[in-house]
Amino acid sequence: EKFSDYQRVVISDAFDVLFFGSTEELLDKLPQAVLISAERNLYPEPQLAAQFTSASPWRFVNAGLMSGSPDALIGWCNEVSRMSELHILDQAWLNRRAAEQNPMVMLDEETRVFYTVSSTLEDGALRLNNGVPFNANMVTYPNFFHFSGRCSVEKFKDLLVNGTPLE
């Protein structure tokens with residue numbers, strides 16, 4: 001409620017996220033509805049994988065980034081507070097809801113805004129285009145890069161300095 005006059009709010013992990021872009025570019029991309037980052041790895045319950053039907057490699061929830069208008073985020077939190085299983089890890093809870101195809105879990109499966117860098121599943125899709133990180137598989141320019149699960153930033157640094165795609 002303190003930020004009710006903001007157009008959008010981005011909630012981010014504090015120590016393992018980098019941002020590229022401008023405020024104007026970001027505002028053009030962020031929907032009013034709650035948007036949650038996606039990743040290629042299904043953690044912590046990989047046995048749920050068969051329940052995810054999206055063709056996108058980024059079809060599993062990553063709880064490190066989310067956004068929305070202040071009103072949408074407040075409404076989302078209020079609705080979540082009335083649901084069950086709130087004692088489990090946030091990412092497990094979100095993935096369970098996504099596996100159930102709950103409309104409360106809208107993922108950025110195209111990586112338009114959020115890109116979760118994988119320590120084991122990168123395939124060269126993330127590269128530079130005109131000096132800007134670019135997801136060649138989805139043809140998008142994500143703004144936030146999350147190095148989840150203690151993912152090393154060294155390959156990403158090499159991408160930025162030498163243009164070497166992440167693999």
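Visitor: What should I know about the model and the numbering?

Guide: This is a predicted model, in which local features need pLDDT of at least 70 and side-chain atom pairs count only at pLDDT 80 or more, while totals for chains, interfaces and linings use all residues. Residues are numbered from 1 along each chain as its sequence is written, and side-chain values use heavy atoms, with hydrogens and water left out.

Visitor: OK, how much space is in the largest pocket?

Guide: The largest pocket holds about 330 Å³ of space. The search runs on a 1 Å grid over the protein atoms alone, where a pocket is an open set of points at which a 1.4 Å probe fits, with protein on both sides within 12 Å along at least five of seven lines, and lining residues have an atom within 4 Å of a point. Grid points are joined across faces, edges and corners, and a volume is the space filled by probe spheres set on the points.

Visitor: And which residues lie nearest its centre?

Guide: The lining has 20 residues, and those nearest the centre are Glu39, Tyr43, Asn62, Ser148 and Gly149. The elements that give two or more residues to this lining are β4 (60-68) and α3 (90-99), and the largest share, three residues, comes from β4. Helices (H or I, at least four residues) and strands (E, at least two) are DSSP runs, numbered from the N terminus.

Visitor: What is that lining like by class?

Guide: It has five nonpolar, 11 polar and four charged residues, where Ala, Val, Leu, Ile, Met, Phe, Trp, Tyr, Cys and Pro count as nonpolar, Asp, Glu, Lys and Arg as charged, and the others, Gly among them, as polar.

Visitor: What about the second largest pocket?

Guide: The second largest pocket has a volume of about 150 Å³, and its lining divides into four nonpolar, five polar and two charged residues. Among the lining residues are Gln51, Phe52, Arg59, Gln101, Asn102 and Glu109.

Visitor: Which strands pair with β4?

Guide: Strand β1 (residues 9-12) runs antiparallel to β4 and is joined to it by four bridges, with Val9 standing opposite Gly68. β3 also pairs with β4 in the antiparallel sense, over four bridges, and the bridge partner of Ile36 in β4 is Met66. Two strands pair if DSSP finds at least two bridges between them.

Visitor: Is β4 itself buried or exposed?

Guide: Eight of the nine residues of β4 are buried, so the strand is largely enclosed by the rest of the structure. Ala63, which is found in β4, counts as partly exposed at 24% relative accessibility, and beyond its neighbours within four places in sequence it is in contact with Asp13, Asp90, Gln91 and Leu94.

Visitor: What sits in the loop between β3 and β4?

Guide: Ser56 and Pro46 both have their place there. Ser56 is buried, with a relative accessible area of 7%, whereas Pro46 is exposed at 51%. Apart from neighbours within four places in sequence, Ser56 is in contact with Glu109 and Met138.

Visitor: Last topic: how many disulfides are there?

Guide: The structure holds zero disulfides, a disulfide being a pair of cysteine sulfur atoms within 2.5 Å. Cys77 is partly exposed, with a relative accessible area of 44%, whereas Cys151 counts as buried at 9%.

Note on methods: Buried < 20%, exposed > 50% of the residue type's maximum accessible area, 1.4 Å probe, protein only. Contact = heavy atoms within 4.5 Å.
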